[in-house]
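These exercises each set a task and then work through the solution. Keep the structure in view while reading.

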Amino acid sequence: MASYNIIHLVICLTFLSLLQLPMPSHCADPGPLQDFCVADLSSPLLVNGFPCRKPETVTSNDFFFDGLQKRGRVFNPLNVNLTEVDVFAFPALNTLGVSMNRVEFLPEGENPPHTHPRASELSLVTEGKLFVGWVSTQYILYWKVLTAGEVFVIPPGLVHFQRNVGEGNAVFYAFFNSQNPGISKIAPTLFHSTPLIPDQVLTTAFNVNQTIIDLIKSGASVLLP
């Protein structure tokens, strides 16, 4: 019970540390110009972020989110369950420059190579054992096997991944310095874009023949949202 409380204290302190970084040099998003701007997700206006709801319509409940109380039940084909706490799930995050995810893994589950184009990521493992890695623009792999209470940081926009290498389930929390960090999964981006990247481009880029490209496309389809 003591270790459980310590881990969840670390979660709270980690997230609070992000809230203490309001300067533009530390935040991926622009700084707020008012106390709050609860997003009006139904507004037809297109702005960088979301328009604000009228302050008089905002209540304490708008600043409350309970979506992390229950563990995930539905896992994708790679044995991963994702609970997002971004501006779409929690409109009060609009203009605040923070968000988070909880990612749960069954044994051998993997969050495949992807990027977050608009945010750095601070990954905190709370359960199990995760192999976490990212690749720099110099093609150097930085990695670590994390256990409960350990943290790994991932710079913005770089390719990274997580894989459960323990015997049981694993859980980690990802904290972002953006209300909407975005995600670009490498395999679907290259092999299932709309319209498709021409096969001639892919065969040249990977130095393989058409048969190999077709094989990768068939396998990458399971990674589509």
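**Exercise 1.** In the loop between which two elements does N79 lie?

*Solution.* The model is predicted, so local features need pLDDT of at least 70, side-chain atom pairs count only at pLDDT 80 or more, and totals for chains, interfaces and linings use all residues. Residues are numbered from 1 along each chain as its sequence is written, and side-chain values use heavy atoms, with hydrogens and water left out.

Step 1. Helices (H or I, at least four residues) and strands (E, at least two) are DSSP runs, numbered from the N terminus. N79 is found in the loop between α1 (2–19) and β1 (80–85).

Step 2. Buried means under 20% relative accessible area, exposed over 50%, and partly exposed in between (1.4 Å probe, protein chains only). N79 has a relative accessibility of 29%, so N79 counts as partly exposed.

Step 3. Most residues other than glycine have a negative phi, and most peptide bonds are trans. The phi of N79 is near 65 degrees, a positive value in a residue other than glycine.

**Exercise 2.** State how many helices and strands the protein has, and their pattern along the sequence.

*Solution.* Step 1. There are four helices and 10 strands.

Step 1. Along the sequence the pattern reads α-β-β-β-β-β-β-β-β-β-β-α-α-α.

Step 2. The protein has 225 residues, of which 35% count as buried.

Step 3. A contact means heavy atoms within 4.5 Å. Among the contacts with a separation of 6 or more, 70% come from residues 24 or more positions apart.

**Exercise 3.** In what order do the five strands of the open sheet stand?

*Solution.* Step 1. Two strands pair if DSSP finds at least two bridges between them. The order is β6-β5-β8-β3-β10, with antiparallel pairing.

Step 1. The edges are β6 (141–147) and β10 (184–185); each has a single partner strand, so one side of each is left without a neighbour in the sheet.

Step 2. Strand β3 (residues 110–115) pairs with β10 over two bridges, in the antiparallel sense. Three bridges join β3 to β8, also antiparallel.

Step 3. H114 takes part in both pairings: it stands opposite K185 in β10, and its bridge partner in β8 is H160.

**Exercise 4.** Is N164 buried or exposed, and what does its side chain meet?

*Solution.* Step 1. N164 is in strand β8 (residues 160–164). With 2% relative accessibility, N164 counts as buried.

Step 1. Leaving aside neighbours within four places in sequence, N164 contacts residues including F105, L106, K129, L130 and A170.

Step 2. A polar contact is a pair of N or O atoms within 3.5 Å; within protein, one must be able to donate a hydrogen and the other to accept it, and residues adjacent in sequence count only if both atoms are side-chain atoms. A polar atom of the N164 side chain lies 3.0 Å from the backbone oxygen of L106. The backbone nitrogen of G166 is likewise 3.0 Å from a polar atom of that side chain.

Step 3. N164 and N111 are 53 residues apart along the chain, yet their C-alpha atoms are separated by 8.8 Å.

**Exercise 5.** Which residues have the most contacts inside the largest nonpolar core?

*Solution.* Step 1. A nonpolar core is a set of buried Ala, Val, Leu, Ile, Met, Phe, Trp, Tyr and Cys residues joined through side-chain atoms within 4.5 Å. The largest has 16 residues, and F105, L130, V132 and F172 have the most contacts inside it.

Step 1. At least two residues each come from β2 (99–105), β5 (129–135), β7 (151–154) and β9 (170–176). The most is given by β9, with four residues.

Step 2. Apart from this core lies another, of 12 residues, among them V38, V98, L124 and Y173.
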